[in-house]
Amino acid sequence: MEKDAETPKNRGGQYIKSIVYGGLDGIITTFAVVAGSLGGELSFRVVLILGFSNLLADGFSMAVGDFLSTKSQNEYEKNIRYKKQVDITQHPEQEKGQLTNSLVEQGINENDANLLAATLAKYEKPFVNQIMKLEYGSNVAEGSPVKNAIVTFLSFSIFGVVPLLIYVLAMYIPSLLDNSFFIASILTGMTLFSLGAMKSKVIHTNWLRSGFEMLLVGGLAALVAYVVGAFLGSI
């Protein structure tokens, strides 16, 4: 019985991207709302209303976008795979020749390339996978659209609520209001750095640099929001 090429580990790992980017968008967007509200000298209750409204609306919007993009990608790859299977059935030698030429270009001896292509051609699924990778750069679907959407929404919401936590606590401990934005900034900065470091695992870069880049991006977004809030608040 032929096993699925996608292992449980790979199926779990494919959602890391949604977790990281959903979380980054969530926390940066919410922190920008908090900074803009502070710049506009709005009350902490207004900050909570705007923050949570934005959190839920943007989280839902991102989830829908992730669902549609994943669904479209899966449908595209399914159609491409079907067309490639038809091409292989109708023109097997031509497809085998393309694979041979590709292997030769990669430095494999022509006789060995012919042998490898001929061997793969005996097995439809591996052969189609190689041809798709050769022509389209990928043979792996994006995964479940529903699961991707759920992961994105949860990640956006969980990380996005971080800048608002101190304001929620301030409802019960009013003394926290004096340093609420400072505390929110510290919590947000720590979370941004952590998510940036996690992002390095997805794009394979230095974790320290990736962490500081996200910290800088989040800080700039908050600064712009604060300046805009202050400007509009003074009108």
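Mentor: Angles under 35 degrees count as roughly parallel, over 145 as roughly antiparallel, 65 to 115 as roughly perpendicular and the rest as oblique. This is a predicted model, where local features need pLDDT of at least 70, side-chain atom pairs count only at pLDDT 80 or more, and totals for chains, interfaces and linings use all residues. Residues are numbered from 1 along each chain as its sequence is written, and side-chain values use heavy atoms, with hydrogens and water left out.

Trainee: Which word describes how H9 and H10 lie to each other: parallel, antiparallel, perpendicular or oblique?

Mentor: Axes are lines fitted to C-alpha atoms, for helices over the stretch in contact, and angles run from 0 to 180 degrees between N-to-C directions. H9 and H10 pack at an angle of about 135°, their axes being 7 Å apart. The two helices, H9 and H10, are therefore oblique.

Trainee: Is Asn179 buried, partly exposed or exposed?

Mentor: Asn179 sits in the loop between helix H8 (162-170) and helix H9 (180-203); helices are DSSP runs of H or I, at least four residues, numbered from the N terminus. Buried means under 20% relative accessible area, exposed over 50%, and partly exposed in between (1.4 Å probe, protein chains only). The relative accessible area of Asn179 is 45%, so Asn179 is partly exposed.

Trainee: What is the separation of the C-alpha atoms of Asn179 and Gln90?

Mentor: Along the chain, Asn179 and Gln90 are 89 residues apart.

Trainee: Where is Leu220 found, and how does its accessibility count?

Mentor: Leu220 is found in helix H10. Its relative accessibility is 46%, so Leu220 counts as partly exposed.
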